[in-house]
Amino acid sequence: MNGQEMEAGAGETSARALRFFLLMPVLAALTGCTATAWSEKISIDQTPVPTECGGWQRIDLKQRTAMFLMREDPRLAVDIDSHNLKGRNLGCWN
């Protein structure tokens with residue numbers, strides 16, 4: 001390519017770029033695209049959902065009862081303890 005052909009090619013490229021930038025606002029308007037569309041906040045209605053704590057109550061054991069369960073039914077004592085721990089981890093009580 002000689003210098004004249006390169007200048008002609010550069011002019012053609014800049015003409016395409018100019019057409020592209022002139023058509024962009026038209027295309028954006030036709031598609032409904034606006035600059036504020038990205039900054040708009042969307043709110044979604046939330047229906048109240050029952051929490052996991054609904055009806056969850058702590059099982060309090062006296063020391064004597066806890067000792068009896070450890071001797072007679074250790075599995076039940078562990079289940080009660082895990083129940084209380086899960087409720088605390090869910091935030092149902094402190």
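1. The chain exposes about 8900 Å², of which carbon and sulfur atoms supply 59%. Accessible areas follow the Shrake-Rupley method with a 1.4 Å probe, and for residues only the protein chains shown count as cover. This is a predicted model: local features need pLDDT of at least 70, side-chain atom pairs count only at pLDDT 80 or more, and totals for chains, interfaces and linings use all residues. Residues are numbered from 1 along each chain as its sequence is written, and side-chain values use heavy atoms, with hydrogens and water left out.

2. Helices (H or I, at least four residues) and strands (E, at least two) are DSSP runs, numbered from the N terminus. Of the 94 residues, 6% count as buried. Buried stands for under 20% relative accessible area, exposed for over 50%, and partly exposed for what lies in between (1.4 Å probe, protein chains only).

3. On the surface, Phe20, Phe21 and Met24 form a nonpolar patch with about 330 Å² of accessible area together. Patches are made of residues with over 30% relative accessible area and no salt bridge; like charges are joined within 9 Å, nonpolar side chains (Val, Leu, Ile, Met, Phe, Trp, Tyr) within 5 Å. Phe20 lies in helix H1 (residues 3–31) and is partly exposed, at 47% relative accessible area.

4. The structure holds 2 salt bridges, each defined by a side-chain nitrogen of Lys or Arg within 4 Å of a carboxyl oxygen of Asp or Glu. One joins Asp60 to Arg58 at 2.9 Å, N to O. Asp60 is exposed at 61% relative accessibility, while Arg58 is partly exposed at 43%.

5. The other salt bridge pairs Arg75 with Asp79, with 3.7 Å between the closest N and O atoms. Why do these two residues sit about one helical turn apart? They are 4 residues apart in helix H3, so about one helical turn separates them. Arg75 is exposed at 60% relative accessibility, and Asp79 is partly exposed at 34%.

6. The largest pocket has a volume of about 230 Å³. Pockets and cavities are found on a 1 Å grid over the protein atoms alone: a cavity is a set of points where a 1.4 Å probe fits but cannot get out, a pocket is an open set with protein on both sides within 12 Å along at least five of seven lines, and lining residues have an atom within 4 Å of a point. Grid points are joined across faces, edges and corners, and the volume is the space filled by probe spheres set on the points.

7. Residues lining the largest pocket include Arg58, Asp60, Met70, Ile80 and Asn84. Helix H2 (63–72) and helix H3 (74–90) are the elements that give two or more residues to this lining, and H3 gives the most, with 5 residues. By class, the lining has 7 nonpolar, 1 polar and 3 charged residues. Ala, Val, Leu, Ile, Met, Phe, Trp, Tyr, Cys and Pro count as nonpolar, Asp, Glu, Lys and Arg as charged, and the others, Gly among them, as polar.

8. Leu85 is placed in helix H3 and is partly exposed at 39% relative accessibility. The C-alpha atoms of Leu85 and Arg58 are separated by 9.1 Å, the two residues being 27 apart along the chain.
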